[in-house]
Amino acid sequence: MLKVWSNGIYQPTLHRVVNNSPRYRVSVAFFYESNFDAAVEPVEFCREKTGGVAKYEKVVYGEHLVQKVLTNFVM
C-alpha cells in the first residue's frame, strides 16, 4: 500500500528469509495494516513529487488484500 500512497516513490521489497549461515537465526516479520475498508490512493504531496499525475488508482485495502491472498497461496 505504501507504493500506492507514495505514487511509486517507495517500492516494495522481496519478502523472503534465507539463512545461508551455519548459525541459528530467527526472523520476525512485522506488518502494519490499514483498516480493511480503507480507501488508499496516492497522496497529493507524492503526486506533486512525481510529475503531478497519479500512477495508481484508488484501491480498497481489504479488496486488494483478498486478491493478493487468492493469487499467492494454493488452496
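Relative accessible area sorts residues into buried (under 20%), exposed (over 50%) and partly exposed (in between), with a 1.4 Å probe and protein chains only. The structure is a predicted model, in which local features need pLDDT of at least 70 and side-chain atom pairs count only at pLDDT 80 or more, while totals for chains, interfaces and linings use all residues. Residues are numbered from 1 along each chain as its sequence is written, and side-chain values use heavy atoms, with hydrogens and water left out.

Pro12 counts as exposed because its relative accessibility is 61%. Pro12 is placed in the loop between helix 1 and strand 1 (39-40); helices (H or I, at least four residues) and strands (E, at least two) are DSSP runs numbered from the N terminus. Between the C-alpha atoms of Pro12 and Tyr24 the distance is 27 Å, at a sequence separation of twelve residues. The loop between helix 1 and strand 1 also holds Asn7, which is buried at a relative accessible area of 0%. Asn7 has a positive phi, near 60°, although the residue is not glycine.

Of the 23 lining residues, Met1, Leu2, Pro12, His15 and Phe31 are the closest to the pocket centre. Helix 1 (2-5) and helix 3 (61-72) are the elements that give two or more residues to the lining, and helix 3 supplies the largest share, six residues. A pocket is an open set of points on a 1 Å grid over the protein atoms alone, where a 1.4 Å probe fits, with protein on both sides within 12 Å along at least five of seven lines; lining residues have an atom within 4 Å of a point. By residue class, the lining comprises 14 nonpolar, six polar and three charged residues. Nonpolar covers Ala, Val, Leu, Ile, Met, Phe, Trp, Tyr, Cys and Pro, charged covers Asp, Glu, Lys and Arg, and polar covers the others, Gly among them.

Leu2 lies in helix 1 and is exposed, with 52% relative accessibility. Together with Trp5, Ile9, Tyr10, Val43 and Phe45, Leu2 makes a nonpolar surface patch of about 590 Å². Lys3, also placed in helix 1, is partly exposed at a relative accessible area of 30%. Lys3 and Glu41 are 38 residues apart along the chain, and their C-alpha atoms are separated by 9.6 Å.

Notes: Patch = residues over 30% accessible without salt bridge, like charges linked within 9 Å, V, L, I, M, F, W, Y side chains within 5 Å. Areas by Shrake-Rupley, 256 points an atom, 1.4 Å probe, with all protein chains shown as cover. Salt bridge = Lys/Arg side-chain N within 4 Å of Asp/Glu carboxyl O.
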